[in-house]
Amino acid sequence: MIGVIIFAYGAPGSLDNLKEYYTHIRHGNAPSEEEMAAVKEQYRNIGTTDLLGSITERQAEALTHSLQPYFEEEVKVYTAFKHTAPFVEDTVLQMVNEGVSQVITFPIKPLYSKTGTGLYQIKVRKALAKLGSTIPVLDVDHWHLHDEFVSVMAKRVKTAVKWLPSHIRNETTVIFTAHSQPGKPETYKEYSEEFTELGKSIANQLQLKNWRIAYRSAGSHEDLWSGPDVKDVIQEEGKKGIKGVVACDLLSVTSNIEVLYDIGYDCQLLCKRMGIEFIRTEIPNDSYDFIMALTTIVKERVILNKLTEEYQFNKLKPSSK
């Protein structure tokens, strides 16, 4: 049985769970009543349940069905979260108890970082070691330039640009965003390189003339986070006379409250004040084309891994001569 484990930041199941969720994020320090009131208001403004948790569960269900035809073994896709149950340790225990014979880690985030993708990979291995399990683990990462995924994102950008009034499309800037990273630039070098490479690949596919790279969601100490900030970039473009802005996040391919506010509501209000048309691209979530792209990525990585193992085995076999 092949167990694929996908990860997300958290999945609070109710407004009642939000305080526990944010307390876990803050390493046990509970938010104040005023802070919690503001958080709850943000969720109420979205007008639906928590998106990240519910969509991640649907992605797992969809991938279970889409991957199965390519494998002789049974395939099951599991979810694990960083700040809510099931935590990685819970999910790994379930996988072992259900008889999984190979684990595939697959954080559905196209940009690699040690504190993101890398952290989940380490957690899985530590959880298996704690259980005394020797189940082999295959990491599916660094897939940001896969042709099918780039096409999915390019389609979203193309649709967004087309939505703008025709007379301003040539005066529109596409701004690719990703979560800002803390620390010195050398600490997130791989992340920023993959971010720029992905943005450039999408821009090249669409032959975009005006596009920028920007970061969102920086912490309170600006000097310690990667930039430029997306709001600063919008203001720079506005001074150049740009009439439209298309914001496309390249890290969050699953909807969540942070990205909806940081490049949705906040940037929209800024553009409105500046007299600039603003639109955010659709997030892939559990759409058919995205799920099929993820299916291809996992399938190809497993096949490549098997070929590599066979090659190494053949190298070790004694010669018949």
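## Buried or exposed: the starting point

A residue counts as buried when its relative accessible area is under 20%, as exposed when that value is over 50%, and as partly exposed in between (with a 1.4 Å probe, protein chains only). By that rule Ile6 is buried, with a relative accessible area of 1%.

Before going on, a word about the model. It is a predicted one, where local features need pLDDT of at least 70, side-chain atom pairs count only at pLDDT 80 or more, and totals for chains, interfaces and linings use all residues. Residues are numbered from 1 along each chain as its sequence is written, and side-chain values use heavy atoms, with hydrogens and water left out.

## Ile6 and Thr56

Let's stay with Ile6, which sits in strand β1. Helices (H or I, at least four residues) and strands (E, at least two) are DSSP runs, numbered from the N terminus. What does Ile6 touch, not counting residues up to four places away in sequence? Its contacts include Thr56, Gln59, Leu63, Val77, Phe106 and Ile108, where contact means heavy atoms within 4.5 Å. For a sense of distance, the C-alpha atoms of Ile6 and Ser287 are separated by 16 Å, though the two residues are 281 apart along the chain.

Now look from the other end of one of those contacts. Thr56 belongs to helix α3 and, at 2% relative accessibility, is buried as well. Leaving aside its neighbours within four places in sequence, Thr56 meets Ile6, Ala8, Thr79, Phe81 and Thr254.

## An open sheet with helices across it

Strands of a sheet pair through backbone hydrogen bonds, either parallel or antiparallel. Here, an open sheet of 4 strands runs in the order β2-β1-β3-β4, with parallel pairing. At its edges are β2 (75–81) and β4 (137–139), each pairing on one side only. On average, neighbouring strands of this sheet are turned by 25° against each other, direction ignored. Two strands pair if DSSP finds at least two bridges between them; β3 (residues 102–105) and β4 have 3 bridges, in the parallel sense. Val103 stands opposite Val137 in β4.

Which strands does α3 lie across? They are β1 (2–8) and β2, and α3 runs at about 165° to β2. Helix α4 (residues 88–97) lies across β1, β2 and β3, at about 160° to β2. For these angles, axes are lines fitted to C-alpha atoms (for helices over the stretch in contact), and the angles run from 0 to 180 degrees between N-to-C directions.

## Strand β5 and its partners

Strand β5 (residues 172–179) has 8 of its 8 residues buried, so the strand is largely enclosed by the rest of the structure. It is joined by 6 bridges to β7 (residues 244–249), and these two run parallel. Another 6 bridges join β5 to β6 (residues 211–216), again parallel.

Which residues of α2 are buried? They are Met36, Val39, Tyr43 and Ile46. Seen down the axis of α2, these fall within an arc of 75°, so they line one face of the helix; the arc is that of the directions from the helix axis to the C-beta atoms. They pack against α1 (18–25), α3 (51–67) and α9 (257–274). On the other side of α2, Glu33 and Glu34 are exposed. Just after the helix, Gly47 takes a positive phi of about 80°.

In soluble globular proteins, nonpolar side chains tend to be buried together. A nonpolar core is a set of buried Ala, Val, Leu, Ile, Met, Phe, Trp, Tyr and Cys residues joined through side-chain atoms within 4.5 Å. The largest one in this model has 49 residues, of which Val4, Phe106, Phe176, Ile202 and Leu294 touch the most other members. Helix α6 (residues 147–163) gives the most to this core, with 8 residues. Apart from it lies another core, of 26 residues, with Tyr21, Tyr43, Ala247 and Cys271 among them.
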